[in-house]
Amino acid sequence: MPRQLGELEDAVMTRVWQWNRPVTVREVLEDLQQERSIAYTTVMTVMDNLHQKGWVRREVDGRAYRYTAVSTRAAYSAALMNEAWSRSDNPAAALVAFFGMMSAEQREALRDAMRIVVPALPEDEVPPAGEAVDEAADEATEAADGAESEAGR
């Protein structure tokens, strides 16, 4: 499983993902310098580290390399979520808590994703994301309140 990218690694990968094309150290450097002071060798080292870790592939272009993302940001985010979820001693409770933290927009995105992942499920069998999440959040809150009451006795 992937470990979370460091701050500078994430800043570099954000550009590689956004541009979605082979990039040079110089291009990334110039863009990063718009928001911070940073040396060419620092960016070169970070990009080399990302290559060694398997986040980017590189091809020789003259005297430099061009770097391309091996995976998407969405796949990276999904892997981090999966890792966090798999570390839980109660995955169902972790999901309920996670769903309870979601905004209405995030719940709608979840519903859209479920339509893609489970396309054979008829629309009338998929509860509105907000209702399902709200019910799960209510249950999680009730369970937490019950646990607190038990602990206070």
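**View 1. The lining of the largest pocket has 13 nonpolar, one polar and no charged residues.** Here Ala, Val, Leu, Ile, Met, Phe, Trp, Tyr, Cys and Pro count as nonpolar, Asp, Glu, Lys and Arg as charged, and the others, Gly among them, as polar. This is a predicted model, where local features need pLDDT of at least 70 and side-chain atom pairs pLDDT 80 or more, while totals for chains, interfaces and linings use all residues. Residues are numbered from 1 along each chain, and side-chain values use heavy atoms, without hydrogens or water. The pocket (an open set of 1 Å grid points where a 1.4 Å probe fits, with protein on both sides within 12 Å along at least five of seven lines; lining residues have an atom within 4 Å of a point) holds about 420 Å³ of space. Of its 14 lining residues, Met81, Asn82, Leu95, Phe98 and Phe99 are the closest to its centre. Helix H4 (73–86), helix H5 (91–101) and helix H6 (104–117) each give two or more residues to the lining, and H4 gives the most, with five.

**View 2. Helix H2 (residues 25–32) has Val25, Val28, Leu29 and Leu32 buried.** Buried means under 20% relative accessible area with a 1.4 Å probe, protein chains only; helices are DSSP runs (H or I) of at least four residues, strands (E) of at least two. Down the axis of H2, the buried residues fall within an arc of 100 degrees (taken from the axis to the C-beta atoms), so they line one face of the helix. Their cover includes helix H1 (7–19), helix H3 (40–52) and strand S2 (64–69).

**View 3. Met47 is in contact (heavy atoms within 4.5 Å) with Val12, Val16, Val23, Val25, Val28, Val56 and Tyr67, leaving aside neighbours within four places in sequence.**

Methods: Buried means under 20% relative accessible area, exposed over 50%, partly exposed in between (1.4 Å probe, protein chains only). Grid points are joined across faces, edges and corners, and a volume is the space filled by probe spheres set on the points.
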